[in-house]
Amino acid sequence: MPTTTTKAGSNGRRITREDLQAAYAQVVGEGEATARAAAPRGFAVAGACAILLLALAFLAGRRRGRARSAVVEIRRL
């Protein structure tokens with residue numbers, strides 16, 4: 001006796017390919033909507049991190065340049 005696979009609330013009917021495709025499209029659609037809603041905030045955070053890293057690199061390079069530069073004093077006699 002073959003077993004039949006049914007989904008909850010299907011009243012004992014078989015799950016068809018169309019049922020699976022519809023359920024998959026619904027799940028993927030919800031995920032895409034969530035990703036689109038979160039994208040602007042993600043871009044803002046990424047931009048802020050990039051600016052912070054550039055500022056830190058600039059300040060670190062500036063400090064290192066000061067430590068390596070020679071101080072030359074010229075006196076007139």
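This section describes the fold, the surface and the charged side-chain pairs of a predicted protein model.

Residues are numbered from 1 along each chain as its sequence is written, and side-chain values rest on heavy atoms, with hydrogens and water left out.

Helix 1 covers residues 17-68. Of the 77 residues of the protein, 3% count as buried; buried denotes under 20% relative accessible area, exposed over 50%, and partly exposed the range in between (1.4 Å probe, protein chains only). The protein exposes about 7600 Å², of which carbon and sulfur atoms supply 62%. Accessible areas were computed by the Shrake-Rupley method with a 1.4 Å probe, and for residues only the protein chains shown count as cover.

Side chains of opposite charge can pair when their charged atoms come close. A salt bridge is defined here as a side-chain nitrogen of Lys or Arg within 4 Å of a carboxyl oxygen of Asp or Glu, and by this rule the count is two. One of these salt bridges links the side chains of Asp-19 and Arg-13, with an N to O distance of 3.1 Å. The Asp-19 and Arg-13 side chains are also joined by a polar contact of 3.1 Å, a term for a pair of N or O atoms within 3.5 Å; within protein, one must be able to donate a hydrogen and the other to accept it, and residues adjacent in sequence count only if both atoms are side-chain atoms. Asp-19 belongs to helix 1 and is buried, at 17% relative accessible area, while Arg-13 is partly exposed at 41%.

Glu-32 forms a salt bridge with Arg-36, with 3.8 Å between the closest N and O atoms. Glu-32 and Arg-36 are four residues apart in helix 1, so about one helical turn separates them. Glu-32 is partly exposed at 40%, and Arg-36 is exposed at 61%.

Leu-52, Leu-53 and Leu-56 make a nonpolar surface patch of about 320 Å². Leu-52 lies in helix 1 and is exposed, with a relative accessible area of 52%.  Patches comprise residues with over 30% relative accessible area and no salt bridge, like charges being joined within 9 Å and nonpolar side chains (Val, Leu, Ile, Met, Phe, Trp, Tyr) within 5 Å.

Note on methods. Predicted model: local features only at pLDDT ≥ 70, side-chain atom pairs only at ≥ 80, totals over all residues. Helix = DSSP H or I, 4+ residues; strand = E, 2+ residues; numbered from the N terminus.
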